[in-house]
Amino acid sequence: MDAIKTDISHAYKTQKMRIILKETRFFLAIMIILFTMYIVFKMHQKTILKGKIMVLQNTTTSLFEKYRPRNLRGIVGQTAAVDKVSTILEKGWGGRAFWISGASGIGKTSLARIIAEEGATDWFVEEYDSGGDFDAAAVEDISKGMYYTAAGKGGRAYIINEAHGLRQWIIQRLLGLLERIPRHVVFIFTTTKAGEKGLFDGQIDAGPLLSRCICIELDDSQEFTKRIASHCRKIAKKEQLDGRAPAEYVELANRYKNNCRAMLQAIETGEML
Ligand SMILES: Nc1ncnc2c1ncn2[C@@H]1O[C@H](COP(=O)(O)OP(=O)(O)O)[C@@H](O)[C@H]1O
Ligand SMILES: [Mg+2]
């Protein structure tokens with residue numbers, strides 16, 4: 001009787017072992033497949049991503065987007081602003097608001113995006129094209145979401161372009177948010193000088209807003225004209241759209257009031273051939 005019991009228990013154990021072995025093999029196979037897929041992706045990551053970027057560039061990118069600076073070194077002719085931003089970023093990224101002002105097309109939005117990407121992964125950079133779009137719903141969204149750290153680099157950045165379009169009551173609500181910016185959050189406002197003047201001279205008292213921000217003014221002096229003219233000439237040459245003397249690029253810069261976006265659009269349409 002005992003022998004039969006031992007046999008049954010042995011058979012039961014063997015069967016159990018077989019099932020466990022089978023499950024383990026299945027699990028291992030899945031792991032190996034996933035691991036192989038990961039290795040293959042890693043090996044070809046650059047090509048895959050580059051492929052995507054190339055497709056985007058080939059289909060949608062204008063010259064000025066193609067040559068938008070991706071890091072501080074790429075910002076031409078704004079040494080003072082770039083130095084100021086570098087010094088601030090060395091001390092830490094978050095818990096701040098920046099106010100970037102300057103003429104149109106001289107690098108405000110580019111600089112804002114570079115600052116944002118220092119601490120926030122793309123997905124967590126929210127950009128509003130104009131202060132006028134920045135409404136009650138946007139403030140509500142931000143005040144709900146900004147206290148949670150984000151995936152990736154951890155930070156969240158909010159860029160509000162053309163901030164001179166902000167309405168008085170929105171500014172009032174923003175002041176509350178800017179009072180207690182978490183360490184993983186950055187706000188960046190950009191505005192043209194003329195727009196900013198409107199804020200100051202108009203009925204809106206922008207003082208309380210600006211006093212909560214680090215102000216960065218971009219340069220559009222003659223020095224910038226020289227630098228941006230030479231930068232645009234280099235791009236024109238690279239794109240085989242250049243047929244003019246260097247001095248004509250300075251004239252181009254003057255004609256477009258140093259607006260690099262407008263200059264590159266002119267080059268793209270063959271104005272410098
Ligand atoms: N300082 C700069 N250095 C290099 N490129 C610039 C600079 N300023 C503007 N550009 C070019 O012009 C385009 C528009 O710049 P942007 O930063 O959007 O200007 P803004 O916000 O001041 O109107 C950029 O994509 C880039 O190609
Ligand atoms: Mg802009």
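Predicted model: local features only at pLDDT ≥ 70, side-chain atom pairs only at ≥ 80, totals over all residues.
Q: Which residues come nearest to ligand 1?
A: The shell around ligand 1 has 22 residues, and Arg68, Gly107, Lys108, Thr109 and Ser110 come nearest. By class, the shell holds 8 nonpolar, 10 polar and 4 charged residues.

Q: Which helices supply residues of this shell?
A: Helix 2 (63-66), helix 4 (108-119) and helix 11 (260-268) each give at least two.

Q: Where does ligand 1 lie relative to domain 2 and domain 3?
A: Ligand 1 lies between them, because domain 2 (78-217) and domain 3 (222-268) both give residues to its shell.

Q: How many residues of helix 4 are buried?
A: In an α-helix, residues three or four places apart point the same way, because a turn takes 3.6 residues. Helix 4 is mostly covered, with 9 of its 12 residues buried. Among them are Lys108, Ser110, Leu111 and Ile115. The buried residues pack against helix 3 (79-91) and strands 1, 2, 3 and 4.

Q: Which residues of strand 3 lie on each side?
A: Side chains in a regular strand alternate between the two faces of the sheet. In strand 3, Arg156, Tyr158 and Ile160 take one side, and Ala157 and Ile159 the other. Strand 3 is largely enclosed by the rest of the structure, because 5 of its 5 residues are buried.

Q: What joins strand 3 to strand 2 and strand 4?
A: Strand 2 and strand 3 run parallel, joined by 4 bridges. Tyrosine 128 stands opposite isoleucine 160. Strand 3 and strand 4 also run parallel, with 5 bridges. Here isoleucine 160 stands opposite phenylalanine 189. The chain passes from strand 3 through helix 6 (168-179) to strand 4 in a right-handed β-α-β crossover.

Conventions
Residues numbered from 1 in each chain as written. Chains lettered and ligands numbered in written order. Near = placed C-beta within 6 Å. Nonpolar A, V, L, I, M, F, W, Y, C, P; charged D, E, K, R; others polar. Domains from an automatic or database assignment. Buried ≥ 20, exposed ≤ 12 C-beta atoms within 10 Å, placed from the backbone. Contact = placed C-beta atoms within 7 Å. Pairing = 2+ DSSP bridges. Right-handed = clockwise from strand over helix to strand, strands pointing away.
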